[in-house]
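Here are a few notes to go with the model, colleague to colleague. Please keep the viewer open while you read.

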Amino acid sequence: KKPPILNKIETENFGKTLEDTKKSIELNPENVKAYFRGALASIKLSKYDEAIKFCDEGLAKFPNNVALKQEKQKAIKHLEQLQQELKKREQEEELERKRLSNNHEEIEKKGYKFGPFYLKSLADPIRDGRPAIYFDKYKLLHFPVLLLYEEHRQSDVIKDVSENDSLASYLSQMFPISAPPMPWDTEKKYVCDRLEIYFIVNAVKPSKGKEQQKRKRKVKLRQTTPLKYVLSHPEYVVPGYPVFYIVVAESKYKEEFLKAPISTFY
């Protein structure tokens, strides 16, 4: 029958193994297997410092033990790799902080104002390996856009939109005239040429500056208007990323949407 500690290692209960190993060493400091099992379990738990400590304590009593020497080398190698990864991550985070700082300066030069996120789930700074908000080589700002279809409590995120883009091309692809409707569009009325776009100004306070909160209101946007004109609107503060409400023209819901207080949406 195998020793109980070894059985626990095989079932990957490494935390409990460590506890039992330490107790075993307290009871019998001459138990060389306990030092080895402690080092092995520590490596499995990525506790490389602790693994090296087990090996050093065991080697102090059994200096010629090959297994302990091998485990120590493994732990040292893992620890060095971990330290390199942490250093690389810190360098990447520092570069990201500098990039964001430079972005904020460029954004301010354009006169765009950003505030807190409308949805916390959109606050991820990196998407698909690229910053969510960034400048391309032509100094054009790119960002995600959130589209809300409040009538049906549905939404879409367009991950990469340029400030020179309008929403017309996106809506024509998402709601083409000839294609089947979305599953939630049971009345088949969400078609690109019937859609109207609105955004809300003064919805949030800007992250920088001490601007007095002004009246929140809905503003209609033409489908073909480049988004840079929305971003530069004197009363528009981007709630993290631009947010747009999509409604059907001449629909009953459009009337409800326009009459609804802003607090319904923010």
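1. Let's start at a strand pair: F143 has V161 in β5 as its bridge partner. The two strands involved are β4, residues 141-149, and β5, residues 154-162, which pair in the antiparallel sense over seven bridges. Two strands pair if DSSP finds at least two bridges between them; helices (H or I, at least four residues) and strands (E, at least two) are DSSP runs, numbered from the N terminus. In the hairpin of β4 and β5, four residues sit between the strands, and R153 takes a positive phi near 55 degrees.

2. A word on the source: this is a predicted model, in which local features need pLDDT of at least 70, side-chain atom pairs count only at pLDDT 80 or more, and totals for chains, interfaces and linings use all residues. Residues are numbered from 1 along each chain as its sequence is written, and side-chain values use heavy atoms, with hydrogens and water left out.

3. Next, have a look at helices α2 (residues 14-27) and α3 (residues 32-44), whose axes come within 9 Å and cross at roughly 155 degrees. Axes are lines fitted to C-alpha atoms, for helices over the stretch in contact, and angles run from 0 to 180 degrees between N-to-C directions. α2 and α3 are therefore roughly antiparallel to each other, a term for angles over 145 degrees.

4. Which residues of α2 and α3 meet? From α2 come F14, T17, L18, T21, S24 and I25, and from α3 A34, Y35, R37, G38, A41, S42 and K44, with contact meaning heavy atoms within 4.5 Å. By class, this contact of α2 with α3 has six nonpolar, five polar and two charged residues. Here Ala, Val, Leu, Ile, Met, Phe, Trp, Tyr, Cys and Pro count as nonpolar, Asp, Glu, Lys and Arg as charged, and the others, Gly among them, as polar.

5. The loop between α6 (168-174) and β6 (195-201) holds M182. Is M182 exposed or only partly exposed? At 27% relative accessibility, M182 counts as partly exposed (buried is under 20% relative accessible area, exposed over 50%, partly exposed in between, with a 1.4 Å probe and protein chains only). Leaving aside neighbours within four places in sequence, M182 is in contact with M174 and F175.

6. Finally, two backbone angles to check. K188, in the loop between α6 and β6, has a positive phi of about 55 degrees although it is not a glycine, and K188 counts as exposed at 58% relative accessibility.

Terms used:
Angles under 35 degrees count as roughly parallel, over 145 as roughly antiparallel, 65 to 115 as roughly perpendicular and the rest as oblique.
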